[in-house]
Amino acid sequence: MPFTHDSLAQRVILGSGQASAALAAEIERLGGRRVMVIAGEHEAALADQVVADQSVELRWGEVRQHVPLELAQRARAAAREAGIDLVVSVGGGSTTGLAKAVAMEVDVTIIAVPTTYAGSEATNVWGLTEDGTKTTGADPRVLPTTVIYDAELTTSLPVDLTVASGLNGLAHCVDSLWAPRADPINLAMALEGARALALGLPAVVADPQDLVGREQCLYGAYLSAVAFASAGSGMHHKICHVLGGAYDLPHAPTHAVVLPYVLAHNAAAVPAEAGRLALALGATPTQVEADPAQAAVDALEELRVALDAPRSLAEVGLAEGDLPDAVQRSLPKIPESNPVPVTQASLTGLLRSAWAGDTPTLHRHP
Ligand code: NAD
């Protein structure tokens with residue numbers, strides 16, 4: 001039970017239809033005078049709506065996933081030149097990521113208005129990509145001071161992206177169970193996040209305009225990211241970072257595909273946590289009592305099938321010939337905290353199954 005837990009200081013506001021008013025109040029509270037708004041092409045209209053009442057010094061519309069360093073440098077230069085002191089990001093993890101890249105080098109406050117369930121807004125983790133390699137790090141300067149969640153801004157997120165993004169959030173919860181700085185506080189948030197996502201995602205798939213379901217997803221995504229920020233990157237995130245950076249695979253669908261295989265790899269070694277996860281995902285107490293690890297794997301699989309989530313790495317764009325290289329790149333990155341030793345053979349098996357989209361099979365460990 002002994003632990004050391006750091007909580008990140010941040011204001012979080014959730015209110016459907018409230019983003020514009022909340023943003024005005026926050027800019028005033030934080031004393032922002034020269035505002036930069038970052039919103040990509042697909043989120044431009046949402047951003048127009050959110051910042052309609054603000055005076056905006058600089059509008060930045062170029063956003064790319066995994067934040068190429070060259071793009072970050074141009075955005076930083078533009079922010080410096082315009083004397084920006086506050087950045088508002090309206091968009092998914094790529095947009096928040098660019099705001100963070102600016103804040104690494106320019107003295108700005110970030111207000112994040114997320115439109116996906118990636119959760120980057122709740123972490124002090126930045127990511128930059130250069131020459132096919134994604135580098136991440138933690139820096140207090142990149143943590144948004146305020147996060148404004150407005151479910152109305154997420155109703156335009158297509159169902160397939162909603163599902164992949166929600167499972168990206170769920171991956172934060174699951175990986176927190178065995179990440180290097182896992183602790184009981186992270187676990188509590190991760191499990192509540194998993195419960196909220198498992199409740200919200202099916203509701204949103206049934207009706208993409210369901211604001212209550214969308215709010216559950218945002219709430220779950222926030223908790224998942226808080227748990228992840230504190231627990232650190234576990235095996236799942238290390239694999240996905242390699243896949244995203246080296247082969248330019250889409251972030252959220254890659255997480256959605258890989259997660260069930262990592263859970264199947266690790267769950268039997270952490271039966272207590274797996275049992276609590278299974279309950280959060282909707283398994284019955286009888287199923288959990290019978291076999292907690294199997295119950296967790298089955299519950300995630302049921303959710304995945306119900307959501308019609310992407311199944312294989314082949315489907316998200318990984319060439320079969322890249323598998324050996326992906327294993328070589330990922331293996332040295334797996335944290336020592338992983339509850340099961342990861343070998344070249346076990347990682348090859350995992351990635352091959354994920355590539356083919358096989359039904360995940362629980363690994364029993366001696
Ligand atoms: P994204 O931001 O690239 O968005 C995915 C797609 O959805 C884009 O085409 C975007 O334009 C579109 N979109 C977003 N919101 C929309 C809306 N409301 N309506 C219509 N379309 C919308 O992807 P993402 O999955 O949100 O984020 C992925 C990135 O975030 C990756 O680079 C990942 O590494 C990073 N990330 C970082 C952290 C962290 O802690 N630093 C955590 C999670 C993710």
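Helices α3 and α4 are oblique to each other. This holds in a predicted model. The two axes cross at roughly 60 degrees and come within 9 Å. Helix α3 spans residues 69-81, and helix α4 spans residues 93-105. An angle of roughly 60 degrees is therefore classed as oblique, since roughly perpendicular begins at 65 degrees. The crossing of α3 past α4 is right-handed.

On the α3 side, the contact is made by Leu71, Ala72, Ala75, Arg76, Ala79 and Arg80. These residues meet Leu98, Ala101, Val102, Met104 and Glu105 of α4. Sorted by class, the α3 contact with α4 holds eight nonpolar residues, three charged residues and no polar ones. Arg76 and Arg80 come from α3, while Glu105 comes from α4.

Helix α8 covers residues 235-247, and helix α15 covers residues 344-356. Their axes lie 13 Å apart and pack at an angle of about 65 degrees. Helix α8 is therefore roughly perpendicular to α15. The α8 and α15 crossing is right-handed. Met235, Ile239 and Leu243 represent α8 in this contact. Their counterparts in α15 are Leu347, Leu350 and Leu351. By class, this contact of α8 with α15 comprises six nonpolar residues, with no polar and no charged ones.

Helix α15 also carries Arg352. This arginine has a relative accessible area of 38%. Arg352 is therefore partly exposed, because that class lies between the 20% limit for buried and the 50% limit for exposed. Beyond its neighbours within four places in sequence, Arg352 is in contact with Glu320 and Leu323. Glu320 lies 32 residues away from Arg352 along the chain. The C-alpha atoms of Arg352 and Glu320 are 8.3 Å apart.

Burial was also examined in helix α2, residues 44-51. Leu46, Ala47, Val50 and Val51 are buried there. These four residues span an arc of only 115 degrees around the axis, so they sit on the same side of α2.

How values were computed: Residues numbered from 1 in each chain as written. Predicted model: local features only at pLDDT ≥ 70, side-chain atom pairs only at ≥ 80, totals over all residues. Heavy atoms only, no water. Axes fitted to C-alpha atoms, helices over the stretch in contact; angles between N-to-C directions. Helix = DSSP H or I, 4+ residues; strand = E, 2+ residues; numbered from the N terminus. Parallel < 35°, antiparallel > 145°, perpendicular 65-115°, else oblique. Left-handed = near helix turned anticlockwise from the far one by under 90°. Contact = heavy atoms within 4.5 Å. Nonpolar A, V, L, I, M, F, W, Y, C, P; charged D, E, K, R; others polar. Buried < 20%, exposed > 50% of the residue type's maximum accessible area, 1.4 Å probe, protein only. Arc of directions from axis to C-beta.
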